[in-house]
Amino acid sequence: MTADNVTAILDGLDSVRAWQEDFYRDLHAHPELSHQERRTAANVAARLREHECVVHEQVGGTGVVGVLRNGDGPTVLLRADMDALPVREETGLPYASKETAAEGDAAVPVMHACGHDVHVTCLLGAVALMAQARVHWSGTLVAVFQPAEETADGAKGMLDQGLASIVGQVDVAMAQHVLPMPSGYVGTRIGPTLSAADSMRVTVYGRGAHGSMPQAAVDPVVLAAMIIIRLQTVVSREVTPGEAAVLTVGSIAAGTKSNVIPDHAVLQLNVRTYDEQTRSAILDAIVRIVRAECQASRSPREPEFELFDRYPLTNNDAEVTHRVTSAFATFFRERANELARQSASEDFSDIPTALGVPYTYWGIGGIDPDLYRVAEEVGRVAQGIPVNHSASFAPVIQPTLDTGTRALAVAALGWL
Ligand SMILES: [Zn+2]
Ligand SMILES: [Zn+2]
C-alpha cells in the first residue's frame, strides 16, 4: 500500500459525508438498548448492501457482519458497537433522542450516551470508502456491527452464533472509541489500554431480631460495614504501588425498617485491573476478606458470591499498534498522539482473542476543539467537558465523523 493509494481512497470522503451526517443524526435520535438494536441493525445491513458487501444478519441476536472481498490479500476485521444506554438525553441538540424503551417492566429513556452511534457511522463510512476505490487495494474487509457492548455479552453472543465461521481466516482486528478528547485527534497505545472489569454480588447472612435486642441477633448491617472498610485495604495494602487497580463497593442493600435487624445484606462490587495476576489476586482477596469477616461476626451461613458483567482486558498488540500508529502519524500528523490508559472497559477483545488474532483499539476525540481548549486553559477539563455515559455527552459531528472514518480506513490499509 503506497501513500498515493491511501490518499486516493480518502479522497472519496466528500461523497461519503453526503449521506453520513444524516445517517448519524438519525441514529443519534433513535438509540436502542443492548440486545434491542433492531432498527439500527436493519439500517446498517441496508447500507452495507449498497456498498456491495455480503451481509450476514442476526449474528448473536441483532449483530450484523458485512464482508467486502476484493481479490487476494490479508483479511482485516473492523468492529463497531451499536447499543445505547438508559439515560435521559440532556444535550439540547436538535437531533437529541426522545426515545424510551422497555427495560424489564419499566419504560426507560434511551440515549447514545457512549457515542456508539459515532462508531457505527464511521465504520459504514470506511466500508463505503473502500468499496468505491477497489482498484487501490486488495484483500478482504470484514465489518462487524456488534450488539450489547454495554452489557458485556454482545461479542460473546456473536461468537457463540458462528462469527468465526462467517469471517473465516482473519489477520488483524481493530476497533475505536470516541472519547472526551478534542475532535480531530486520534490516540493509540501499546499494551494494556482498557481495564478488565469484574462485578461481584456478595450476600452475607446474619440472624434477624428486634432492633432493641441486638444480643439475639447477628447484625448483617454491621458485618457489611466491616467488609466495606476492610475491602479498602485490598488496593492500598495488597497491590504493588504503581500498579493501577480500582475496587469500588457501588451498592449496599440490607433491611427495611429502623427497628428491625435484618437477616442478610447484599453488596455489589466493581473491580478494574490492567493485569491478569492482579485481577485474580484482588478477586481472591475479596472472597478471603468476606469469609473472614463473616466468621468474625458469627454469621450463621456461608456467604455467596456471584460474578457478573465481566469485561476482558484490552491489551493492544505491540506490532499491530506500531503499524497503525505510524500510519496515523503520516495522515493525522500532530493530531496523532499517545492515548492515555483508560479506566473504562470493552468486550471487543473477546472477538480477536477467540479468533486467535492480534488486535489494537484506539481512541478518537469527540469534543469541540475550541470548547476543549478553553476548558484546558482554565484547568476545568474534568468539570467542564461531559464524558461518555453523561446525559450531556454530545460529540460534534465534524471533524469527529471524518476523523473516525479516515482512521478506520487508514488503519485497515496498513494491511490491505
Ligand atoms: Zn459505554
Ligand atoms: Zn462505549
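Biologist: How many aromatic pairs does the structure hold?
Modeller: It holds 6 aromatic pairs. Rings of Phe, Tyr and Trp (its six-membered ring) pair if their centres lie within 6.5 Å; planes under 30 degrees apart are stacked, over 60 edge-to-face, the rest tilted. This is a predicted model: local features need pLDDT of at least 70, side-chain atom pairs pLDDT 80 or more, while totals for chains, interfaces and linings use all residues. Residues are numbered from 1 along each chain as its sequence is written, and side-chain values use heavy atoms, without hydrogens and water.

Biologist: What sort of pair do F348 and Y359 form?
Modeller: An edge-to-face one, 5.7 Å centre to centre with 90° between the planes. F348 is in the loop between β17 (336-338) and α10 (350-355), and Y359 is in strand β18 (residues 359-367), so the pair ties together parts 11 residues apart in sequence. Helices (H or I, at least four residues) and strands (E, at least two) are DSSP runs, numbered from the N terminus.

Biologist: And how are F348 and Y361 arranged?
Modeller: That pair is tilted: 5.9 Å centre to centre, 35° between the planes.

Biologist: Is F348 buried or exposed?
Modeller: Buried, with a relative accessible area of 0%. Y361 is buried too, at 3%. Buried means under 20% relative accessible area, exposed over 50%, partly exposed in between (1.4 Å probe, protein chains only).

Biologist: New topic. Which residue lies over the face of F308?
Modeller: R201, at 4.3 Å from the ring centre. R341 lies over the face of Y274, at 4.2 Å from the ring centre. The cut-offs: NZ of Lys or CZ of Arg within 6 Å of the ring centre and within 35 degrees of the ring normal.

Conventions:
Chains are lettered from A and ligands numbered from 1 in the order in which they are written.
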